[in-house]
Amino acid sequence: MVEQQRKAIPDEIRTNGATPNPWWANAVVYQVYPRSFQDSNDDGFGDIPGIISRLDYIAGLGVDVLWLSPVYVSPQVDNGYDIADYQNIDPRFGTMDDMDELLRQAHQRGLKVVMDLVVNHTSDEHAWFQASRDKNDEHADWYWWRPARKGHEPGAPGAEPNKWGSYFGGSAWTYDLKRGEYYLHQYSSKQPDLNWENPAVRKAIYAMMNWWMDRGVDGFRMDVIVEISKRVDSHGHLPGEQGGHIPDLPASHGYSTPFLACTDGPRLDEFLREMRHEVFDGRDGYLTVGEAPGLRVKRDGVITDPANGELDMMFLFTHVLFDGKNYDTWNPIPFRMSALRKILAKEQKVVREAGWASLYFENHDQPRVISRWGDDSEAMRVRCAKAFALLLHMHRGTPYIFQGEELGMTNAHFTRLDQYRDIQSLNAYRDHVEGDYGMSPDEMLDLLAKRSRDNARTPMQWDDSRYAGFMSPDADAEPWLAVNPNHDAINAKAEMADLDSVYSFYKRLIELRHKNMVVAAGDWELIDRHDENVYAFVRSLGDERLLVVVNCSSEEAAIPRQSAKLISESGELDDGRLVISTTGAFPSEGRLGPWEGFVYKV
């Protein structure tokens, strides 16, 4: 394991409730989406040698951990989250030797490497699934196979075991001619769900994880890990199955949802504790974080409590879904800062005594935050990017930065369907325009421009050259996804040379977390909770208190009452008390400019 160069948090300061304090309590994580980060051979796809060539950039930002999205062998239906071989590297990304070199060089620079891992499902091209198609094979029960409903022709509409719909559109069941049965897939039909009820499945997964840990990986970010345990009745029937005792939910647009039966199931805690024991017990210096769509906030405090021996952190979703009616991405409602504040306050409260929060606004599945909730106009983009950065990084927990977020990258603002590559977006267009949702093509294209996952996946903007430095400007191939046209103004080369850039502001925020124990581990208290535009809270540790105030709007705003009172009680304004500010100064005359924020000692 690599030795970290950050100052350790003394054990007398409480973090997640563990003793000694975990190394990651004042760390910052940087997510790399390999196919969009750096292309070393000009084939249009980013790769591992490309990542290696940019390690100095990642280390120079000051982060501690590189989270690597999937590079395993995959047919790439869901951009690598459909794994066909857990223990080999997809040739488009490089070789296993390249992966070993990435680990070696990252560790040399003081960076830990956390791999993305998908064990709720595999690709249908995985050897396990192919073997499972034979009812007499030892892998026959490694996936969720079910016969057609009695009285229906197998493979015909209505013969599916229940009415579940896939999160990517269509039925969650696909009929396999070879086996003569249906298999469950909550996502694409190319992503069959593994049957975690089978001990042999779990044993194989743990063996694979140990193999990677022994190779030098420093932990895992586990995709949709809260979906590995399904609710079944005493006879093993899923909800809605013939002969079962658990009713299905009502159908909408032809399908019911698997959500309640497949999220945070009855054996989730058991499986996670078993994984901890089989893979991580006896190891030091690792990090485990689980993706948790649909997980209730209060459960975060259970799963991340070190006394329970499950995971270190969870990616909760409520705060990135609240701007959709009934949490529906494709049914957006206007952003309200007060709604975001209420959710984040709950997430902070639940880990107040034990457990730990992961802090994020962006990743490969979310559009760019300043385009989504803020103002990405030329006049406001930089201010807005700094405001959201300050707001997030001053919370208690571990911040996660998605590549390009530190530059203030924006949505791509695509205008044509053929510009998109994301399976979720393309299926959503089909369902909403060609299905029974009644949406016009122009309406759906406008929605994709705002909410598609491809907005986060455009190539990293390194410079102002033809392909933004992602690949050679004279390359014969095109990038797998078009470069955002604004790379001439938003790019790493320009921002690294500008002390007032978004990049430079992120560097200061990261350094602050490394050096300031109040930021790293202090208590969190919400104040001015009724202000519609200004988000304010206090971080405290012993006698030290930091006031954080951020105007989340493109209009001027007064410093709210409680915040103003704390400032006044601290005596005359003193620049020495100003810890960090989005503008480099304290707000003039007690008023915040658009997207202005500051941290002040009170």
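Reader: Which residue stands opposite Glu181 in β8?

Author: In this predicted model, strand β7 covers residues 173-176 and runs antiparallel to β8, with four bridges joining the two. The residue that stands opposite Glu181 of β8 is Asp176.

Reader: In the hairpin of β7 and β8, which residue takes a positive phi?

Author: The hairpin has four residues between its strands.

Reader: Which residue of β8 is the bridge partner of Trp145?

Author: Strand β6, residues 145-146, is also joined to β8, by two bridges and in antiparallel fashion. Within β8, the partner of Trp145 is Tyr183.

Reader: Are the residues on the two faces of strand β8 buried or exposed?

Author: Strand β8 spans residues 181-184, with Glu181 and Tyr183 on one side.

Reader: Which strands are the edge strands of the open sheet of five strands?

Author: The sheet has the order β14-β15-β16-β20-β18, with antiparallel pairing. An edge strand here pairs on one side only. This description applies to two strands, β14 (523-527) and β18 (578-581).

Reader: By how many degrees are neighbouring strands of this sheet turned against each other on average?

Author: The value concerns neighbouring strands of the sheet and ignores their direction. On average, the turn is 20 degrees.

Reader: What is the bridge partner of Val550 in β20?

Author: Strand β16 (residues 544-551) and strand β20 (residues 597-601) run antiparallel and are joined by five bridges. In β20, Val550 is partnered by Gly597.

Reader: What angle does the direction of helix α20 make with that of β16?

Author: Helix α20, residues 561-569, packs on the sheet. The helix touches β14, β15 (534-541), β16 and β20. Relative to the direction of β16, its own direction makes an angle of about 140 degrees.

Reader: Which side chain is joined to that of Ser465 by a polar contact of 2.5 Å?

Author: Ser465 is located in the loop between α16 (454-457) and α17 (492-496). A polar atom of the Ser465 side chain lies 3.2 Å from the backbone nitrogen of Gly469. The polar contact of 2.5 Å, by contrast, joins two side chains, that of Ser465 and that of Asp463.

Reader: Which residues does Ser465 touch, not counting residues up to four places away in sequence?

Author: The count leaves out residues up to four places away in sequence from Ser465. The residues then touched by Ser465 are Pro473 and His487.

Conventions
Residues are numbered from 1 along each chain as its sequence is written. This is a predicted model: local features need pLDDT of at least 70, side-chain atom pairs count only at pLDDT 80 or more; totals for chains, interfaces and linings use all residues. Side-chain values use heavy atoms; hydrogens and water are left out. Buried means under 20% relative accessible area, exposed over 50%, partly exposed in between (1.4 Å probe, protein chains only). Two strands pair if DSSP finds at least two bridges between them. Axes are lines fitted to C-alpha atoms, for helices over the stretch in contact, and angles run from 0 to 180 degrees between N-to-C directions. Contact means heavy atoms within 4.5 Å. A polar contact is a pair of N or O atoms within 3.5 Å; within protein, one must be able to donate a hydrogen and the other to accept it, and residues adjacent in sequence count only if both atoms are side-chain atoms.
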